[in-house]
Amino acid sequence: MLYIDRCVCVGCPFTELKKLAREQSLDFDGLARSTGCGDGCGLCRPYIKAMLRTGQTVFTELICEPEPVRPEPGRPTKPPSASQRHQRPVEEVA
């Protein structure tokens, strides 16, 4: 059975992070900046975010954070609009 209760890179228990977040009104980014938690291997990120949402400090299930979508080099970051999808390529005139 899993028992996840801390950031292993920094060794900081979620109970301490929860207390710090409440005392200093910190969000995830604030906790990461002030403690370093979430900046190492990253496995604790979804647990810290869940802790901030729910107050839970011990987790027994695996929580995975989806990988960020990175565009391929040279490809637009947004999908083309409807008008862009229906444009015909400009023909070159010799």
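Predicted model: local features only at pLDDT ≥ 70, side-chain atom pairs only at ≥ 80, totals over all residues.
Q: How many aromatic pairs does the structure hold?

A: The general idea first: a pair of aromatic rings is described by the distance of the centres and the angle of the planes. Here, the structure holds two aromatic pairs. One of them joins phenylalanine 14 and phenylalanine 59, with 5.9 Å centre to centre and 80 degrees between the planes. That pair counts as edge-to-face because the angle is over 60 degrees.

Q: Where do phenylalanine 14 and phenylalanine 59 sit in the chain?

A: Phenylalanine 14 belongs to helix H1, residues 14-24, while phenylalanine 59 is in the loop between helix H3 (45-54) and helix H4 (82-85). They are 45 residues apart, so the pair links distant parts of the chain.

Q: Is phenylalanine 14 buried or exposed, and what about phenylalanine 59, buried or exposed?

A: Phenylalanine 14 has a relative accessible area of 0%, so it is buried. Phenylalanine 59 comes out at 4%, and that counts as buried too.

Q: Which residues form one aromatic cluster?

A: Look for Phe14, Tyr47 and Phe59. Another ring to look at is phenylalanine 28: lysine 49 lies over its face, at 5.0 Å from the ring centre.

Q: How many salt bridges does the structure hold?

A: The general idea is that side chains of opposite charge can pair when their charged atoms come close. In this model there are two salt bridges. In one, arginine 6 meets aspartate 5, with 3.1 Å from N to O. Arginine 6 is partly exposed, at 34% relative accessibility, but aspartate 5 is buried, at 17%.

Q: Which residue forms a salt bridge with lysine 19?

A: That's glutamate 23, and the closest N and O atoms are 4.0 Å apart. Both residues lie in helix H1, with glutamate 23 four residues from lysine 19, about one turn of the helix.

Q: Is glutamate 23 buried or exposed, and is lysine 19 buried or exposed?

A: Glutamate 23 has 55% relative accessibility, so it counts as exposed. Lysine 19, at 52%, is exposed as well.

Note on methods:
Residues numbered from 1 in each chain as written. Heavy atoms only, no water. Phe/Tyr/Trp six-rings, centres within 6.5 Å; stacked < 30°, edge-to-face > 60°. Helix = DSSP H or I, 4+ residues; strand = E, 2+ residues; numbered from the N terminus. Buried < 20%, exposed > 50% of the residue type's maximum accessible area, 1.4 Å probe, protein only. Lys NZ or Arg CZ within 6 Å of the ring centre and 35° of its normal. Salt bridge = Lys/Arg side-chain N within 4 Å of Asp/Glu carboxyl O.
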